[in-house]
Amino acid sequence: VPEPVIFSGIQPTGVPHLGNYLGALLPWVKLQQDASPGTKLFFSIVDLHALTVPQNASQLKKWRAEAFATLLAVGLDPNRSTIFYQSAVPAHAELMWILSTVASMGYLSRMTQWKSKLQLPEDTTLEHSEARAQLRLGLFSYPVLQAADILVHRATHVPVGEDQRQHLEFSRYTANSFNHLFGDLFPIPEALISPAKRVMSLKEPTSKMSKSHADERSRVLLTDSPASIHKKVKVALTDSEPMITYDPIHRPGVSNLIEILSHFEDIPCDIIASEYQNASLRSLKEHVAGRIVHHLHDIRERYQQIMADQIQLEVIAQQGAEAAQANTNRTMNRVRDALGL
Ligand code: ADP
Ligand code: NA
């Protein structure tokens with residue numbers, strides 16, 4: 001049995017929000033804490049993935065550094081985990097090309113994310129789409145790059161959100177196809193689905209908190225000031241029912257606040273709801289805001305320290321890239337050999 005290898009990535013699309021933190025970054029930190037000494041951990045800022053939508057170069061540069069600094073600030077330790085920019089390790093792109101020679105076009109065209117970009121019904125074929133000319137190859141083949149990210153490190157476990165399960169299934173399928181043709185080179189990676197409930201938008205609590213929502217008050221960023229966090233939570237959309245109850249279907253706004261509190265206090269939502277049932281919404285909101293501020297305080301302080309020393313950040317990124325590169329070299333030597341390259 002090979003030692004566990006954990007790989008996961010995050011796109012550099014600005015400072016992460018509370019949803020990214022509770023759904024992805026905090027689980028990564030917990031994996032790092034709980035990992036056996038033999039477990040290898042790789043966390044990547046997947047900047048090549050970010051290119052699948054138009055980017056402004058100077059903004060992307062800034063977002064990359066912000067994402068890297070955030071990973072360090074939340075508690076990922078470069079002495080324990082390999083933290084690196086994807087684009088700094090060319091084997092990710094090289095393996096992507098190789099995998100694309102075995103990856104199934106049919107499978108890729110059925111992926112939900114691609115279909116939603118096409119904005120076509122599930123049964124529409126690519127050939128009949130008029131929007132086809134607008135679409136970019138990189139968006140279509142994005143899951144192949146994800147597969148390469150995972151397989152180039154011979155990852156055995158991939159912590160992902162529920163929304164990424166389909167992509168991981170594609171990686172497993174592609175790894176199997178490759179192994180079948182060229183020998184058992186890749187472990188078949190398993191998903192570690194985050195148990196955390198999705199954090200919902202503060203302004204539209206029936207959809208998830210996301211960077212892509214226009215209203216900035218819909219999300220709390222990990223670097224928001226205490227005043228800004230209090231303000232955003234205070235104006236969070238709730239309802240006008242008199243009591244506080246936990247009912248995600250009928251009362252998504254209040255229930256989202258209770259869920260956030262439940263994460264931070266490690267108390268089940270029902271118990272929080274009964275503790276607060278006669279309290280005012282205002283006092284619940286103040287309590288939630290206070291807990292977020294308290295929890296993010298040290299993260300925000302570390303983030304500012306890290307961002308103030310860009311040279312040191314570059315040194316850490318360089319060390320991460322070298323360690324990641326060494327690991328990918330072992331994979332690529334075997335892959336090239338198996339292919340006759
Ligand atoms: P966004 O939707 O803001 O663009 P991403 O799609 O880049 O976020 O997600 C990065 C990681 O954060 C993924 O693992 C995803 O599952 C997780 N994540 C994103 N939004 C939330 C949320 N609202 N609640 C919980 N986890 C989330
Ligand atoms: Na997204």
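Arg 154 has 21 C-beta neighbours inside 10 Å and therefore counts as buried. The model in which this residue is described is a predicted one. Arg 154 lies in the loop that joins α7 to β4 (157-160). Its phi is near 55°, a positive value in a residue other than glycine. Most residues other than glycine have a negative phi.

A positive phi of about 55° is also found at Asp 266, although Asp 266 is not a glycine. Asp 266 belongs to the loop between α10 and α11 (269-276). Is Asp 266 buried or exposed? Because Asp 266 has 7 C-beta neighbours inside 10 Å, it counts as exposed.

**Helix pairs**

| Helix pair | Angle | Axis distance |
|---|---|---|
| α10 (residues 252-265) and α12 (residues 281-307) | about 40° | 10 Å apart |
| α4 (residues 91-100) and α7 (residues 137-151) | about 120° | 8 Å apart |
| α4 and α13 (residues 310-339) | roughly 25° | within 11 Å |

The helices α4 and α7 pack at an angle of about 120°. That angle makes α4 oblique to α7. The crossing of α4 and α7 is right-handed. On the α4 side, the contact is made by His 92, Leu 95, Met 96, Leu 99 and Ser 100, and on the α7 side by Ser 141, Val 144, Leu 145, Ala 147, Ala 148, Asp 149 and Leu 151. Sorted by class, the contact of α4 with α7 holds eight nonpolar, three polar and one charged residues.

Helix α4 also packs against α13, and the axes of α4 and α13 cross at roughly 25°. This makes α4 roughly parallel to α13, since angles under 35 degrees count as roughly parallel. The crossing of α4 and α13 is left-handed. Ala 91, Glu 94, Leu 95 and Ile 98 of α4 make the contact with Thr 328, Met 332, Val 335 and Leu 339 of α13. The residues of this contact divide into six nonpolar, one polar and one charged.

For α10 and α12, the packing angle is about 40°. The two helices are therefore oblique to each other. Their crossing is left-handed. From α10, the residues Leu 257, Ile 260, Leu 261, Phe 264 and Glu 265 meet Leu 284, Lys 285, His 287, Val 288, Arg 291, Ile 292 and His 295 in α12. By class, the contact of α10 with α12 consists of seven nonpolar, two polar and three charged residues.

Which residues of helix α9 (residues 226-234) are buried? They are Ile 229, Lys 232 and Val 233. These residues cover an arc of only 95° around the axis, which puts them on the same side of α9. The buried residues of α9 pack against α12, the helix that also meets α10.

Ile 299 is found in helix α12. With 18 C-beta neighbours inside 10 Å, Ile 299 counts as partly exposed. Leaving aside residues up to four places away in sequence, Ile 299 touches Ala 73, Val 74 and Leu 222. Ile 299 and Leu 71 are 228 residues apart in sequence, while their C-alpha atoms are 9.7 Å apart in space.

Met 307 is likewise found in helix α12. Because Met 307 has 17 C-beta neighbours inside 10 Å, it counts as partly exposed. Between the C-alpha atoms of Met 307 and Leu 202 there are 28 Å in space, and the two are 105 residues apart in sequence.

Met 105 is placed in helix α5 (residues 105-109). With 11 C-beta neighbours inside 10 Å, Met 105 counts as exposed. The C-alpha atoms of Met 105 and Ser 141 are separated by 8.9 Å, and these residues are 36 residues apart along the chain.

Key:
Residues numbered from 1 in each chain as written. Chains lettered and ligands numbered in written order. Predicted model: local features only at pLDDT ≥ 70, side-chain atom pairs only at ≥ 80, totals over all residues. Axes fitted to C-alpha atoms, helices over the stretch in contact; angles between N-to-C directions. Helix = DSSP H or I, 4+ residues; strand = E, 2+ residues; numbered from the N terminus. Parallel < 35°, antiparallel > 145°, perpendicular 65-115°, else oblique. Left-handed = near helix turned anticlockwise from the far one by under 90°. Contact = placed C-beta atoms within 7 Å. Nonpolar A, V, L, I, M, F, W, Y, C, P; charged D, E, K, R; others polar. Buried ≥ 20, exposed ≤ 12 C-beta atoms within 10 Å, placed from the backbone. Arc of directions from axis to C-beta.
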